[in-house]
Amino acid sequence: MPSNLEVAAPPLEAAATTMLPRLFRVQRYLQETDDTFTLELGPLDDGAPLAFAPGQFNMLYVFGVGEVPISISGDPDKPGVLVHTTRAVGTVTRVMARLRRGELIGVRGPYGTPWPVDQAEGNDVVIVAGGIGLAPLRPALYRLLAQRDRFGKVVLLYGTRTPEDILYRKELERWRARFDVDVYVTVDRAIAPWRGSVGVVTHLIPKAPFDPLSSVALICGPEIMMRFSVFELEKRGVAADRIFVSLERNMKCGVGTCGHCQFGPLFVCREGPVFAYPRVRDWLAVREL
Amino acid sequence: MSSIDMCAPENTGRQPKLIERAGVGRLIAALQQQGYRVVGPTVRDEAIIYDELASDADLPAGWTDDQQAGAYRLKRRRDQALFRYTCGPHSWKKYLHPPQATLWRAEREGGLFRILPETPRAERLALLGVRACELRALAIQEQVFAMAAHADAGYGVRLRQAFVVAVNCGQAGGTCFCVSMNSGPRARKGFDLALTEVVHAKRHYFVVEIGSERGAAILAALETRDATAEEIAAAEKTVNDAARHMGRTLDTTEIQALLYRNHEHPRWEQTGERCLSCANCTLACPTCFCSTIDDTTDLAGQRAERTRRWDSCFTADFSYIHGGSVRQSVKARYRQWLTHKLASWIEQFGSSGCVGCGRCITWCPVGIDLTEEVRAIRATKYYREPVHGDTGTRSV
Ligand SMILES: Cc1cc2nc3c(=O)[nH]c(=O)nc-3n(C[C@H](O)[C@H](O)[C@H](O)COP(=O)(O)OP(=O)(O)OC[C@H]3O[C@@H](n4cnc5c(N)ncnc54)[C@H](O)[C@@H]3O)c2cc1C
Ligand code: SF4
Ligand code: SF4
Ligand code: FES
């Protein structure tokens, strides 16, 4: 047989490993609100911790049920614990909510683009979060506060449906007590004893203490809320290319091969989820894109 | 560029060879001897599909097809030509990007579970009868998987392993438009061997171009001789005839801008009303790559399996996120499909996602024809000027 007809042993395994999760053990389970919980995870193997940048996500696999994209919500400077905060809304996340300490979960990642924390150096940073949208922003906030001197004002505007839905309550209170960060929380509807602000989060933007000309804005929440936030920020004079949004689309692979996350020409899993606003502006305007 | 120029042979620097009709059988046998599973065209269920070939007896000798929007019909030929048909419902993607593949399994173990990686079966495939448009489609899909955030090497490995016998088209189908897409009818690269079939009343032979060392090696084991200038010219003529008889044309001038700016064109609504959202087009299309994942468990819930299978942007689930599908209407799904194929693909992967094979036109139950859709949009442009001017993503 001529040697040039020989076919090399195929390294097909390389392809398979892309989709192979790493197993993590639930070390701690925290009930954040009625429907939202935080998992603190540690790798089952003795491999390196999962280093990540604020804004990135993992594909989390629940045995036999499925795999879903969930942002990493922990501290990027403490990658030893992998933290995810999830709202139980459907098939996979509801079973995930029943996981307990010691149980296993599959993790692929981290995937996606990060918040431009480093690029914001020297600027005010405005964080606008709606609902579970605070989870992917928390790592950015940790990083900003850890390197507080590098930035101007740090402002967090956070809106939820009701006071009961407020995430990371204790942490918010701690941050609010600091002098170097401005925290504003609002709820869509409230009954006593809520004494805070009522109304949508976008209403906080006009009066928030930041300099529009030297600010970077990071937004995550329902798409409609992000659109109005951008509108308010632009009205105050924040340039479009200083506004960043994190988008959500159906995701089956996280790596750019399943096609599900397409948003116009963009693959949200690969070019996103964090986008500079001008990159997605026109596409956001198209209904049912 | 005229269609004739397009068919001029590329100088590969190698003398084309000649094999007689019987040589095709020997080629199949030689490939099988080398350990290849030879797959190629064969008649099944009233269509020419791709499947394993035991010998040249399985080839669709004397068959051709008649293709129109929404219609496919096998026909008898007067001669015994082996490859005088055009693309059928199958495409080679079923071998390189399998319709269904187990990714891995998992097993419960004392309250925990472990992952059992799946070792994919490495198969030596010889693809026999790959058309120029299909070669392009293979290259396009390879690009898709190579560009993934964590390159999915499997496709490229399978493709490079496969022995590719291309066949230049000697006739065009009623729904073909490869000339418009600049992808055919002549195979230019990406093959080990390329055959051009010549069927005359008294003679039936093949001019063979050599595209690789292993192609040359296989050929060396067969009875061949140098093709004469006359034989080469006769072969050329068949390809040029095919180029001249495309059933369809598609004007791709500034197609990206055209589609990006016509997202609100009324035509989408009209076609959305006709479209059955059946996904035939995406399944038949040789470049559509989308997939989804099924999770299953055994009855006891002890073993789980993840399976990747082809999916389609025409299903409602495809774009589902909590609260509802992003693309609720069929109109939006059709728009996604067409815009992806012809416009956003260029931005994503550097080439069109359409090779002009015509499958989506033929296999659409209601005969929706993308070349007609583009023509209609072009005829009555309904420009929505970009709201904010340049966006950075739009190259319009
Ligand atoms: C990049 C990214 C980051 C995310 N980060 C978080 C987070 O930190 N916390 C959190 O609670 N949620 C997050 N989500 C949303 C989360 O992925 C969905 O809530 C989850 O997929 C719902 O799955 P399910 O099976 O429980 O719901 P079902 O309603 O049963 O959904 C069925 C399937 O549809 C798909 N799907 C449904 N909703 C979404 C969605 N919103 N986004 C993407 N796919 C969806 C999934 O494939 C899901 O398995 C994120 C989504 C993306 C794209
Ligand atoms: S879009 Fe239609 S014509 Fe183009 S490659 Fe796909 S099936 Fe063929
Ligand atoms: S047209 Fe639809 S199914 Fe085909 S590749 Fe594009 S998104 Fe996927
Ligand atoms: S999630 Fe599969 S391509 Fe983006």
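Please keep in mind that the model is predicted.

I will start with ligand 1. Ligand 1 sits between chains A and B. Its surroundings consist of 22 residues. The closest of these are A:Pro69, A:Arg87, A:Thr93 and A:Glu248, together with B:His322.

Which parts of the fold supply at least two residues each to the shell around ligand 1? In chain A they are strand E4, residues 66–71, strand E5, residues 82–87, and helix H2, residues 91–96. In chain B it is strand E15, residues 320–321. The element that gives the most is E4 of chain A, with 4 residues.

As for residue classes, the shell around ligand 1 has 10 nonpolar residues, 8 polar ones and 4 charged ones.

Now some individual polar contacts to ligand 1. A:Ser71 uses its side chain: a polar atom there is 3.0 Å from a nitrogen atom of the ligand. A:Arg87 takes part through its backbone, where an N or O atom lies 2.7 Å from an oxygen atom of ligand 1. A:Gly90 also has a polar backbone atom in contact, 3.2 Å from an oxygen atom of ligand 1. How much of ligand 1 does the protein bury? Taken alone, the ligand exposes 820 Å², and the protein buries 90% of that.

Next, ligand 3. From chain A, the residue around this ligand is A:Gln262. Chain B contributes B:Thr282, B:Cys288, B:Phe289, B:Cys290, B:Cys313, B:Gln336, B:Trp337, B:His340 and B:Trp345. Because the residues around ligand 3 come from chains A and B, this site is shared between chains.

Helix H11 of chain B, residues 330–349, gives the most to the shell around ligand 3, with 4 residues. By class, that shell holds 6 nonpolar and 4 polar residues, and no charged ones.

Last, the helix pair. In general, two packed helices are described by the angle between their axes and the distance between those axes. The pair here is in chain B: helix H9, residues 266–274, and helix H13, residues 370–379. Their axes come within 10 Å and cross at roughly 155°. Angles over 145 degrees count as roughly antiparallel, so that is the description for H9 and H13 of chain B. What is the handedness of the crossing between H9 and H13 of chain B? That crossing is right-handed.

That is the end of the walk through the model.

Notes. Residues are numbered from 1 along each chain as its sequence is written. Chains are lettered from A and ligands numbered from 1 in the order in which they are written. This is a predicted model: local features need pLDDT of at least 70, side-chain atom pairs count only at pLDDT 80 or more; totals for chains, interfaces and linings use all residues. Side-chain values use heavy atoms; hydrogens and water are left out. A residue is near a molecule or strand if one of its heavy atoms lies within 4 Å of it. A polar contact is a pair of N or O atoms within 3.5 Å; within protein, one must be able to donate a hydrogen and the other to accept it, and residues adjacent in sequence count only if both atoms are side-chain atoms. Accessible areas come from the Shrake-Rupley method with a 1.4 Å probe; for residues, only the protein chains shown count as cover. Ala, Val, Leu, Ile, Met, Phe, Trp, Tyr, Cys and Pro count as nonpolar, Asp, Glu, Lys and Arg as charged, and the others, Gly among them, as polar. Axes are lines fitted to C-alpha atoms, for helices over the stretch in contact, and angles run from 0 to 180 degrees between N-to-C directions. Angles under 35 degrees count as roughly parallel, over 145 as roughly antiparallel, 65 to 115 as roughly perpendicular and the rest as oblique. A crossing is left-handed if the near helix is turned anticlockwise from the far one by less than a right angle, and right-handed if clockwise.
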